[in-house]
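Hi everyone, thanks for making the time.

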Amino acid sequence: KLSSPAQVEFYQAAEEVLECLRPLFERQPHYLQHSIIERMVEPERQIMFRVCWLDDAGCVQVNKGYRIQFNSALGPYKGGLRFHPSVTAGTIKFLGFEQIFKNALTGLPIGGGKGGSDFDPKGKSDNEIMRFCQAFMSELYRHIGPTRDVPAGDIGVGAREIGYMYGQYKRLTGRYEGVLTGKGLNWGGSLGRKEATGYGAVYFAQNMLAARGETLEGKTCLVSGAGNVSIYTIEKLYELGATPITCSDSRGTVHDPKGIDLGLLKQLKEVKRVSLEEYLSEHPDAHYISARDYPQDGHAVWHIKADAAFPCATQNELTELDAQTLLANQVTCVSEGANMPSTTEAVDCFLAAKIAYGPGKAANAGGVATSQLEMAQNSSMEQWPLEKVDQKLKEIMANIYQQCATTAEEFGDPTNLVLGANIAGFRKVADAMIEQGVM
Ligand code: NDP
């Protein structure tokens with residue numbers, strides 16, 4: 001069944017979880033009697049829809065839209081929307097599946113969901129983005145709600161897109177409510193949400209290193225991506241005394257041995273939305289490696305010497321060759337800001353080497369956790385100060401690390417946080433499903 005060519009990424013994600021659950025089922029076979037696995041790999045609901053919109057030339061454009069409501073045992077469906085031309089039903093299914101366990105690890109009352117479209121925001125005018133978002137929400141609005149399903153951002157969906165979708169939801173329903181997270185600060189957003197995934201991935205690394213008697217201070221770090229997660233990973237690394245020396249986008253990699261110029265990176269990607277190649281116009285001494293010149297079966301970022309690595313772009317961006325190169329260069333810590341950025345073979349290399357390796361579903365859970373804090377603020381009509389949100393984020397990340405480490409130890413493989421994350425997340429969801437009866 002798992003060898004079917006469709007939904008490759010979903011099978012990759014599911015296989016990893018199922019492999020990790022083997023020792024749990026040996027000790028607690030009652031999970032098998034309740035057919036929990038069969039129920040958990042099947043989404044509660046998958047919605048696919050047509051999105052028609054007018055481009056600036058007045059031509060009708062058609063895209064595919066998706067929302068997958070995977071598991072509601074722990075709370076309303078929660079997970080981002082991805083707008084990228086590579087999006088398929090399989091991509092959304094893998095992301096939704098990962099989201100179930102990630103959300104369980106946060107300890108907050110949120111179920112797992114995900115959505116998106118094969119729409120490519122690159123090169124579109126602001127008006128085209130708005131019309132697409134309005135068209136997308138014109139179908140999605142009937143399936144979501146503040147206690148039902150609360151989408152957020154992901155690749156290609158930031159504050160601008162959330163704003164246009166929120167406006168359309170309000171127009172269609174007449175309700176001003178917390179139906180999306182990642183909203184603007186003066187209309188229901190939470191302080192600290194934009195930064196949360198990146199900051200959380202760094203806090204997770206901090207926890208992993210502390211358990212080994214180390215800190216991030218003085219360490220050089222490799223970061224991939226140049227979007228929301230990467231930018232705030234870089235920001236927090238600087239705050240903790242580390243030096244991030246790389247970033248990348250789909251066209252190439254910047255290596256700045258002095259440390260990435262964060263102000264310039266924000267300007268290029270958050271304001272101007274241009275290629276990273278322009279980084280060199282202000283820093284001609286930095287290196288730019290075009291994607292055409294990447295090693296075969298590898299990514300340039302992971303071939304630069306450093307102490308720690310933070311994959312923050314997309315799935316399967318770190319291959320076996322990359323993992324072997326990182327290990328040969330004596331990288332001792334990998335914390336995943338992206339979802340499933342390391343291939344199965346790369347993960348095996350990290351686990352065999354027993355380095356501090358934080359899998360995405362644990363290390364990047366700070367984003368969704370802070371989204372839930374945004375939901376809590378919306379339902380009580382409050383706005384919390386940044387210090388309160390950040391303190392909660394730190395506590396949540398420390399707690400996720402502890403759950404992963406304790407569970408890994410319980411199952412006799414103390415450095416294997418993949419095992420710990422999957423078993424700890426699974427148990428919470430499975431127990432809730434059993435208690436709520438067959439449905
Ligand atoms: P953004 O769209 O803000 O940034 C994505 C970055 O990755 C961009 O620099 C983009 O390059 C690059 N990228 C995307 N796809 C590819 C690709 N196929 N090949 C090479 N580079 C690529 O997204 P986010 O920062 O929000 O998300 C990054 C990762 O983090 C994703 O895996 C996402 O699922 C995960 N994540 C995000 C959360 C959030 O709160 N935003 C929460 C938890 C996980 P370019 O600019 O050229 O497109």
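Let's start with a pair of helices: H1 and H4 run roughly parallel to each other, because their angle is under the 35 degrees used as the cut-off. Before I go on, keep in mind that this is a predicted model. The packing angle between H1, residues 8-27, and H4, residues 89-106, is about 25°, and the two axes sit 6 Å apart.

So who is meeting whom there? On the H1 side you have Val 8, Glu 9, Phe 10, Ala 13, Ala 14 and Val 17, and across from them in H4 are Gly 90, Thr 91, Lys 93, Phe 94, Phe 97, Glu 98 and Phe 101. If you sort the residues of that contact by class, you get eight nonpolar, two polar and three charged.

Okay, domains next. The domain assignment for the protein chain gives us domain 1, 41-180, and domain 2, 194-358. Their centres, taken over C-alpha atoms, are separated by 27 Å. Each side puts residues into the contact: five from domain 1 and five from domain 2. On the domain 1 side, the residues touching domain 2 are three nonpolar, one polar and one charged.

Now the part I guess you've been waiting for, the ligand. Which residues come nearest to the ligand? Out of 23 residues around it, those are Gly 227, Asp 249, Ser 250, Ala 338 and Gly 367. The shell has 14 polar residues, six nonpolar and three charged.

Is Gly 225 buried or exposed? Buried, because it has 28 C-beta neighbours inside 10 Å. Leaving out residues up to four places away in sequence, Gly 225 touches Ser 230, Cys 247, Ser 248, Cys 312, Ala 313 and Ala 338. You'll remember Ala 338 as one of the residues that come nearest to the ligand. Gly 225 and Ala 338 are 113 residues apart in sequence, yet C-alpha to C-alpha they are 9.0 Å apart.

Ser 224 lies in that S6 to H8 loop too. It counts as buried, since 28 other C-beta atoms are within 10 Å. Again not counting residues up to four places away in sequence, Ser 224 touches Ser 230, Ser 248, His 299, Val 301, Pro 311, Cys 312, Ala 313 and Glu 317. Val 389, on the other hand, is 165 residues from Ser 224 in sequence and 26 Å away in space, C-alpha to C-alpha.

Once you set aside neighbours within four places in sequence, Ala 369 is in contact with Thr 106, Leu 108, Leu 393 and Ile 396. Take Thr 106: 263 residues separate it from Ala 369 along the chain, but the C-alpha atoms are 6.0 Å apart.

Where does Ser 35 sit? It's in the loop between helix H2, 30-33, and helix H3, 36-40. Ser 35 has a phi near 50°, which is a positive value in a residue other than glycine. With 11 C-beta neighbours inside 10 Å, Ser 35 counts as exposed.

Asp 297 has a positive phi as well, near 60°, and again this is a residue other than glycine. You'll find Asp 297 in the loop between strand S10, 287-290, and strand S11, 308-310. It counts as exposed, because it has 10 C-beta neighbours inside 10 Å.

And finally Asn 186, in the loop between helix H6, 159-173, and helix H7, 193-210. Asn 186 has 7 C-beta neighbours inside 10 Å, so that one counts as exposed. From Asn 186 to Phe 83 it's 103 residues in sequence and 25 Å in space, C-alpha to C-alpha.

That's my tour. Happy to take questions.

Terms used:
Residues numbered from 1 in each chain as written. Predicted model: local features only at pLDDT ≥ 70, side-chain atom pairs only at ≥ 80, totals over all residues. Axes fitted to C-alpha atoms, helices over the stretch in contact; angles between N-to-C directions. Helix = DSSP H or I, 4+ residues; strand = E, 2+ residues; numbered from the N terminus. Parallel < 35°, antiparallel > 145°, perpendicular 65-115°, else oblique. Contact = placed C-beta atoms within 7 Å. Nonpolar A, V, L, I, M, F, W, Y, C, P; charged D, E, K, R; others polar. Near = placed C-beta within 6 Å. Buried ≥ 20, exposed ≤ 12 C-beta atoms within 10 Å, placed from the backbone. Domains from an automatic or database assignment.
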